Amino acid sequence: MKRLLLLLLPIALFLVGYFANRHEASHEKTKTHQKPSQHTWHCAADDVRCFEKYVVHVIDEGSDIFHYPSGPMPPHTVSHTEAKKIAAFMATLQGFRPTHPEWVQEGRYLFYGNCTGCHGPNGKGQKGYFPDLTRHPLAGL
Ligand code: HEC
(Lines give C-alpha, C1' and ligand atoms only; values in the text may rest on other atoms or scores of the structure.)
Protein backbone atom coordinates (compact mmCIF):
# COMPACT_ATOMS: atom_id res chain seq x y z
CA MET A 1 0.00 0.00 0.00
CA LYS A 2 2.75 2.41 1.02
CA ARG A 3 4.61 1.54 -2.16
CA LEU A 4 1.59 2.32 -4.29
CA LEU A 5 1.25 5.74 -2.65
CA LEU A 6 4.90 6.50 -3.27
CA LEU A 7 4.40 5.66 -6.89
CA LEU A 8 1.23 7.72 -7.28
CA LEU A 9 2.50 10.82 -5.52
CA PRO A 10 4.89 12.04 -8.26
CA ILE A 11 2.24 11.34 -10.89
CA ALA A 12 -0.31 13.37 -8.96
CA LEU A 13 2.17 16.23 -8.49
CA PHE A 14 3.01 16.18 -12.18
CA LEU A 15 -0.66 16.39 -13.14
CA VAL A 16 -1.35 19.28 -10.75
CA GLY A 17 1.65 21.16 -12.13
CA TYR A 18 0.65 20.48 -15.71
CA PHE A 19 -2.91 21.76 -15.34
CA ALA A 20 -1.85 24.79 -13.30
CA ASN A 21 0.56 25.70 -16.09
CA ARG A 22 -2.00 25.24 -18.79
CA HIS A 23 -4.48 27.43 -16.96
CA GLU A 24 -1.89 30.16 -16.61
CA ALA A 25 -0.96 29.95 -20.27
CA SER A 26 -4.54 30.33 -21.47
CA HIS A 27 -5.06 33.19 -19.02
CA GLU A 28 -1.98 34.96 -20.38
CA LYS A 29 -3.28 34.55 -23.91
CA THR A 30 -6.63 36.23 -23.27
CA LYS A 31 -4.91 38.94 -21.28
CA THR A 32 -2.57 39.96 -24.09
CA HIS A 33 -5.35 39.65 -26.64
CA GLN A 34 -7.57 42.07 -24.77
CA LYS A 35 -4.83 44.53 -23.97
CA PRO A 36 -5.52 47.89 -25.59
CA SER A 37 -2.74 49.57 -27.55
CA GLN A 38 -0.43 51.33 -25.09
CA HIS A 39 2.86 51.36 -26.93
CA THR A 40 4.12 53.13 -30.01
CA TRP A 41 4.56 51.26 -33.25
CA HIS A 42 7.63 52.97 -34.73
CA CYS A 43 6.19 53.01 -38.25
CA ALA A 44 8.35 54.84 -40.81
CA ALA A 45 6.72 58.14 -41.82
CA ASP A 46 5.93 56.89 -45.35
CA ASP A 47 4.97 53.31 -44.45
CA VAL A 48 1.29 53.11 -45.38
CA ARG A 49 1.08 49.37 -44.67
CA CYS A 50 2.27 49.91 -41.11
CA PHE A 51 -0.13 52.85 -40.69
CA GLU A 52 -3.10 50.74 -41.81
CA LYS A 53 -2.10 47.87 -39.53
CA TYR A 54 -1.93 50.27 -36.59
CA VAL A 55 -5.43 51.61 -37.30
CA VAL A 56 -6.85 48.06 -37.57
CA HIS A 57 -5.09 47.12 -34.33
CA VAL A 58 -6.60 50.12 -32.50
CA ILE A 59 -10.09 49.28 -33.79
CA ASP A 60 -9.75 45.59 -32.89
CA GLU A 61 -8.06 46.00 -29.51
CA GLY A 62 -8.98 49.50 -28.33
CA SER A 63 -6.47 52.13 -27.30
CA ASP A 64 -5.29 53.60 -24.01
CA ILE A 65 -2.21 55.72 -24.75
CA PHE A 66 -3.54 59.14 -23.75
CA HIS A 67 -5.14 58.20 -20.42
CA TYR A 68 -7.94 60.69 -20.98
CA PRO A 69 -10.28 61.13 -18.02
CA SER A 70 -13.08 60.17 -20.41
CA GLY A 71 -11.48 56.72 -20.74
CA PRO A 72 -9.88 54.53 -23.44
CA MET A 73 -11.18 53.79 -26.92
CA PRO A 74 -13.38 50.68 -26.75
CA PRO A 75 -12.38 47.67 -28.91
CA HIS A 76 -14.46 45.97 -31.64
CA THR A 77 -16.84 48.81 -32.56
CA VAL A 78 -16.80 47.35 -36.10
CA SER A 79 -15.71 43.99 -37.59
CA HIS A 80 -12.10 43.24 -38.56
CA THR A 81 -12.99 43.43 -42.28
CA GLU A 82 -14.70 46.79 -41.81
CA ALA A 83 -11.68 47.96 -39.82
CA LYS A 84 -9.43 47.28 -42.83
CA LYS A 85 -11.69 49.35 -45.08
CA ILE A 86 -11.75 52.20 -42.57
CA ALA A 87 -7.94 52.04 -42.40
CA ALA A 88 -7.82 52.47 -46.19
CA PHE A 89 -9.97 55.60 -45.93
CA MET A 90 -7.94 56.91 -42.99
CA ALA A 91 -4.76 56.48 -45.03
CA THR A 92 -6.15 59.09 -47.46
CA LEU A 93 -6.64 61.50 -44.53
CA GLN A 94 -2.87 61.28 -44.03
CA GLY A 95 -2.12 61.83 -47.72
CA PHE A 96 -1.17 58.19 -48.33
CA ARG A 97 -2.15 56.04 -51.28
CA PRO A 98 -3.87 53.11 -49.51
CA THR A 99 -2.78 49.55 -50.19
CA HIS A 100 -6.38 48.84 -51.27
CA PRO A 101 -7.71 51.99 -52.97
CA GLU A 102 -10.90 50.08 -53.87
CA TRP A 103 -11.87 50.04 -50.16
CA VAL A 104 -11.70 53.81 -49.65
CA GLN A 105 -15.27 54.64 -50.61
CA GLU A 106 -16.84 52.01 -48.34
CA GLY A 107 -14.29 52.86 -45.65
CA ARG A 108 -15.41 56.49 -45.78
CA TYR A 109 -19.05 55.51 -45.14
CA LEU A 110 -18.01 53.17 -42.32
CA PHE A 111 -15.88 55.92 -40.81
CA TYR A 112 -18.76 58.40 -40.89
CA GLY A 113 -21.13 55.81 -39.46
CA ASN A 114 -18.90 54.48 -36.67
CA CYS A 115 -16.10 56.85 -35.78
CA THR A 116 -17.19 60.47 -36.18
CA GLY A 117 -19.55 60.23 -33.19
CA CYS A 118 -16.43 60.45 -31.03
CA HIS A 119 -13.71 61.71 -33.37
CA GLY A 120 -15.82 64.51 -34.89
CA PRO A 121 -17.38 64.99 -38.33
CA ASN A 122 -14.00 65.52 -40.03
CA GLY A 123 -12.00 63.21 -37.74
CA LYS A 124 -10.32 66.15 -36.01
CA GLY A 125 -11.47 65.00 -32.57
CA GLN A 126 -11.95 67.13 -29.51
CA LYS A 127 -8.97 68.24 -27.47
CA GLY A 128 -8.63 66.33 -24.21
CA TYR A 129 -11.35 63.83 -25.07
CA PHE A 130 -10.93 62.33 -28.54
CA PRO A 131 -7.68 62.49 -30.53
CA ASP A 132 -7.39 64.18 -33.93
CA LEU A 133 -7.11 61.37 -36.50
CA THR A 134 -5.85 63.67 -39.26
CA ARG A 135 -2.59 64.77 -37.63
CA HIS A 136 0.81 63.43 -38.76
CA PRO A 137 1.85 61.13 -37.39
CA LEU A 138 -0.80 59.68 -35.09
CA ALA A 139 0.25 59.50 -31.45
CA GLY A 140 0.66 55.71 -31.45
CA LEU A 141 2.96 55.66 -34.48
C1 HEC B 1 -16.66 55.84 -27.93
C2 HEC B 1 -15.82 56.82 -28.56
C3 HEC B 1 -14.94 56.38 -29.71
C4 HEC B 1 -15.34 55.77 -30.88
C5 HEC B 1 -16.73 55.35 -31.31
C6 HEC B 1 -14.13 55.62 -31.67
N7 HEC B 1 -13.05 56.08 -30.98
FE8 HEC B 1 -11.12 56.08 -31.63
N9 HEC B 1 -10.53 56.81 -29.86
C10 HEC B 1 -11.35 57.19 -28.83
C11 HEC B 1 -10.55 57.63 -27.72
C12 HEC B 1 -11.06 58.12 -26.36
C13 HEC B 1 -9.21 57.50 -28.13
C14 HEC B 1 -7.96 57.81 -27.32
C15 HEC B 1 -7.68 56.59 -26.48
C16 HEC B 1 -6.29 56.53 -25.93
O17 HEC B 1 -5.42 55.97 -26.63
O18 HEC B 1 -6.06 57.00 -24.82
C19 HEC B 1 -9.23 56.99 -29.49
C20 HEC B 1 -8.08 56.73 -30.23
C21 HEC B 1 -8.07 56.35 -31.55
C22 HEC B 1 -6.89 56.15 -32.37
C23 HEC B 1 -5.44 56.34 -31.93
C24 HEC B 1 -5.04 57.77 -32.27
C25 HEC B 1 -3.57 58.06 -32.19
O26 HEC B 1 -3.22 59.26 -32.22
O27 HEC B 1 -2.74 57.14 -32.15
C28 HEC B 1 -7.32 55.76 -33.60
C29 HEC B 1 -6.46 55.43 -34.80
C30 HEC B 1 -8.76 55.73 -33.55
N31 HEC B 1 -9.19 56.08 -32.30
C32 HEC B 1 -9.56 55.37 -34.61
C33 HEC B 1 -10.93 55.19 -34.52
C34 HEC B 1 -11.73 54.67 -35.59
C35 HEC B 1 -11.22 54.35 -36.98
C36 HEC B 1 -13.01 54.57 -35.11
C37 HEC B 1 -14.23 54.01 -35.81
C38 HEC B 1 -14.19 52.61 -36.12
C39 HEC B 1 -13.01 55.03 -33.74
N40 HEC B 1 -11.73 55.39 -33.41
C41 HEC B 1 -14.13 55.05 -32.93
C42 HEC B 1 -12.73 57.14 -28.81
C43 HEC B 1 -13.51 56.56 -29.79
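A residue counts as buried when its relative accessible area is under 20%, as exposed when it is over 50%, and as partly exposed in between (1.4 Å probe, protein chains only). By this rule, 30% of the 141 residues of the protein are buried.

The model is predicted: local features need pLDDT of at least 70, side-chain atom pairs count only at pLDDT 80 or more, and totals for chains, interfaces and linings use all residues. Residues are numbered from 1 along each chain as its sequence is written, and side-chain values use heavy atoms, with hydrogens and water left out.

**Overall architecture**

The protein has 5 helices and 0 strands; helices (H or I, at least four residues) and strands (E, at least two) are DSSP runs, numbered from the N terminus. Along the sequence the pattern is α-α-α-α-α. A contact means heavy atoms within 4.5 Å. Among the contacts in the protein with a separation of 6 or more, 56% are between residues 24 or more positions apart.

Met73 is partly exposed, at 25% relative accessibility, whereas His119 is buried, at 8%.

**Surroundings of the ligand**

The ligand is surrounded by 26 residues, and the closest are Tyr54, Met73, Cys115, Cys118 and His119; a residue is near a molecule if one of its heavy atoms lies within 4 Å of it. The table presents polar contacts, that is, pairs of N or O atoms within 3.5 Å.

| Residue | Atom of the residue | Atom of the ligand | Distance |
|---|---|---|---|
| Phe66 | polar backbone atom | oxygen atom | 2.8 Å |
| His119 | polar side-chain atom | nitrogen atom | 2.8 Å |
| Ala139 | backbone N or O atom | oxygen atom | 2.8 Å |

The structure holds 6 aromatic pairs. Rings of Phe, Tyr and Trp (its six-membered ring) pair if their centres lie within 6.5 Å; planes under 30 degrees apart count as stacked, over 60 as edge-to-face and the rest as tilted. One of the pairs, Phe51 with Phe96, is tilted, at 5.5 Å centre to centre and 55° between the planes. Phe51 lies in helix H2 and Phe96 in the loop between H3 and H4, so the pair ties together parts that are 45 residues apart in sequence. Both Phe51 and Phe96 are buried. Phe111 and Tyr112 form an edge-to-face pair, at 5.8 Å centre to centre and 90° between the planes. Phe111 is buried, with a relative accessible area of 1%, whereas Tyr112 is partly exposed at 40%. Ring pairs link Phe89, Phe111 and Tyr112 into a cluster.

Gln94 is located in the loop between H3 and helix H4 (104-114). Its relative accessible area of 11% makes Gln94 buried. Beyond its neighbours within four places in sequence, Gln94 is in contact with Phe51, Leu133, Thr134, Arg135, His136 and Leu138.

Key:
Polar contact = N/O pair within 3.5 Å; in protein donor to acceptor, adjacent residues only side chain to side chain.
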